[in-house]
Structures are given as C-alpha cells and as structure tokens.
Amino acid sequence: MTLLTEVEPVQAVLERPHGLLEAPRFGPDGEVVYSDVIAGGVWGCSRDGTVREILPKRRGIGGIVAHADGGWVISGRSVIHVLPGGEQRELLSGEGACGYNDLGVTPDGDLLVGVLRYRPLAGEDPRPGQLLAVDRAGGVEVLSEDVVWPNGIGVSPDGRTVYLSDYSNGAVLAVARHGGEAHEFCRSLRGSADGLALDCEGGVWVALGEGAGVARFLADGTLDESIVLPASFVSSICFGGADMRDVLITTADNQVSPELGGTLFRARSEVAGLAVAAVATGRPVLADE
C-alpha cells in the first residue's frame, strides 16, 4: 500500500521564491502556515492561493503550533506567541540557549520545546541540547538532555511518550512524558531525522532531511514505508484537514520548478493523523529559572 497519494506542490507558494521551508501547520479556514528558516518570516497561504506574511523577517523558525487564545506559538531565538492581531508576547527565553528549534504540544496543552546549545549551521562543536515542557502556569520541566540537535517533536496517542528527532544522530528518541532516560525509537536508513508527526495508529512519520523523503515507523519502531519526494531535502511534515488525512510537507528545494527553491507539498494519507492540541501556557518564563 502506498501511504501518500496526490502529492502536489502548493502552487501559490511556488510562485514566490522561498529558501528552506519548515514548521508546516493547518490553520483556521483551510489556511496553511509555514516558516522560511533562512530568508525569514512566517507565511500563511489561504484556500484561494493568497499568501500573507504573519510574522516578518524572524529567522531560524523550526517550530509553529497553535495557541488556545488564538494565533501561533513560534520558535527561534526565543519562543513567542503571535496573537491574531499581530501583538507578540514572549513565552520562553534563556541565556544558555543558542535557539529553540521545533515545538510540540501534549494532549493537555503543555508546550514541548527543543533547545539548541550550539549553532550547528555555524560549524560549532556539538553540545547536548534539551527537551523541555512548559505547563500552563509557566513551570519548566526538563524531560531529557540526551539529545544533541533537537528537531521534530510529537506525542503518542496515549500521551505517555514524547518522540524527539535528533538530527545530528539520524535517530528518533523516545522519552517518558515526565522525563527519564531517552532510548532510541528508530533510526533513519537514509538521510537524517528532521520534523515528525504522529498518526492515529501510533505510527511516527519522519522527514528524512537530505534523505529526500519521509518514512513511517510503526509503534514498535520498525520501518513501515519510505516515500521518495521530488526534492533533495525534506524538512518537516504535519497532518490536518476535516478527516486528518491531509498532509503538508516542507522542503528546501524542489524538482518541479527548481528555480523557486523551498516548496510546500500537499498530499493525502491512507492513515489519519493525530491532532495536535493547542498550547495553553501564557506566563513568560526563563528556561533556566
């Protein structure tokens, strides 16, 4: 069985040049949202193809999740909440962090954050990062320090396990919801492990980075299927739509219109995705409080 069908680029996005696209999400009224890591900004593409700038210029955004108060929680040099009217409030920052990469949400609305402690794109020597959980009162819990380059974050259907991509090691780690020793859940057979998403059966879908596709791993960590896409670098994936079978995939390039660079692909999945809750936290905190 081919798990992904109808893989097509979102043409409105293709029509305006982008760099490395990341952090895809389905927004209200069918809008799709994504970031441009290198060129900067968060963008929204409506059903009629209109593209709007949600947050200008901000670079290094690897994670976007919805907030219960409306708007989006966005990573980067800090973690911020951009409200529907454009107002911004900072939710998380810390002196020891070089940046905050991908984001996730627990079923009860706690924010999950991957913390980078070095700058991999600047050629710095690797240093261990962190996986944090921020609850609705602003309390910060360290779930793991067993990751080097934290990337995609997702939660199992029962809410008991957090999955975390470690891009530097090409593996997805599994960590208990309230912390503990991380263990290797699965390993990429090609490329690395970038963004990820969960489906309703507990399958873990992983963007393979330079592996040029996505892979689905069963709940026991065995590889189910690997799917090649028309791009040399695939950065992230998410589910949405009325039946949770719509799929968004971001890339750094494409083989459809190569001159236009990073692309947002839309597809259909044979398996329904797992919905991601909205973030409930609102109190600004320091990661090293």
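Select W205 and F239 to begin: W205 is buried, and so is F239, where buried means under 20% relative accessible area, exposed over 50%, and partly exposed in between, with a 1.4 Å probe and protein chains only. The model is a predicted one, in which local features need pLDDT of at least 70 and side-chain atom pairs count only at pLDDT 80 or more, while totals for chains, interfaces and linings use all residues. Residues are numbered from 1 along each chain as its sequence is written, and side-chain values use heavy atoms, with hydrogens and water left out.

**The aromatic pair**

The structure holds three aromatic pairs; rings of Phe, Tyr and Trp (its six-membered ring) pair if their centres lie within 6.5 Å, and planes under 30 degrees apart count as stacked, over 60 as edge-to-face and the rest as tilted. The ring centres of W205 and F239 are 5.4 Å apart and the planes stand at 80°, so this pair is edge-to-face. W205 belongs to strand 19 (residues 204-207) and F239 to strand 22 (residues 234-240), so the pair ties together parts that are 34 residues apart in sequence. Strands (E, at least two residues) and helices (H or I, at least four) are DSSP runs, numbered from the N terminus.

Select residues 79-82 next, which form strand 8. In a regular strand the side chains alternate between the two faces of the sheet. Both faces of strand 8 are covered: V79 and H81 on one side are buried, as are I80 and V82 on the other.

Strand 7 (residues 72-74) pairs with strand 8 in the antiparallel sense over three bridges, and W72 stands opposite V82. Four residues lie between the strands of this hairpin, where G76 takes a positive phi near 140°. Strand 9 (residues 88-93) also pairs with strand 8 in the antiparallel sense, over four bridges, and I80 stands opposite E90. The hairpin of strand 8 and strand 9 has five residues between the strands, and G86 takes a positive phi near 100° there.

**L116**

Move to L116 in strand 11 (residues 111-116). L116 is buried, with a relative accessible area of 12%. Select L131 as well: L116 and L131 are 15 residues apart in sequence and 9.3 Å apart in space, C-alpha to C-alpha.

Strands 14 to 17 come next. They form an open sheet of four strands in the order 14-15-16-17, with antiparallel pairing. Strand 14 (150-155) and strand 17 (183-187) stand at the edges, each with a single partner strand, so one side of each is left without a neighbour in the sheet. Within the sheet, six bridges join strand 15 (residues 161-166) to strand 16 (residues 171-176). Select Y163 to find its bridge partner in strand 16, A174.

**The cavity**

Where is the final stop? Select G170, A171, V172, C186, R187, S188, A193, V206, L208 and F217, which line the largest cavity. On a 1 Å grid over the protein atoms alone, a cavity is a set of points where a 1.4 Å probe fits but cannot get out, and lining residues have an atom within 4 Å of a point. About 30 Å³ of space lies in this cavity, a volume being the space filled by probe spheres set on the points, which are joined across faces, edges and corners. Strand 16 and strand 17 are the elements that give two or more residues to the lining.

Technical notes:
Pairing = 2+ DSSP bridges. 1 Å grid on protein atoms, 1.4 Å probe; cavity = no way out; pocket = protein on both sides within 12 Å on 5 of 7 lines; lining within 4 Å.
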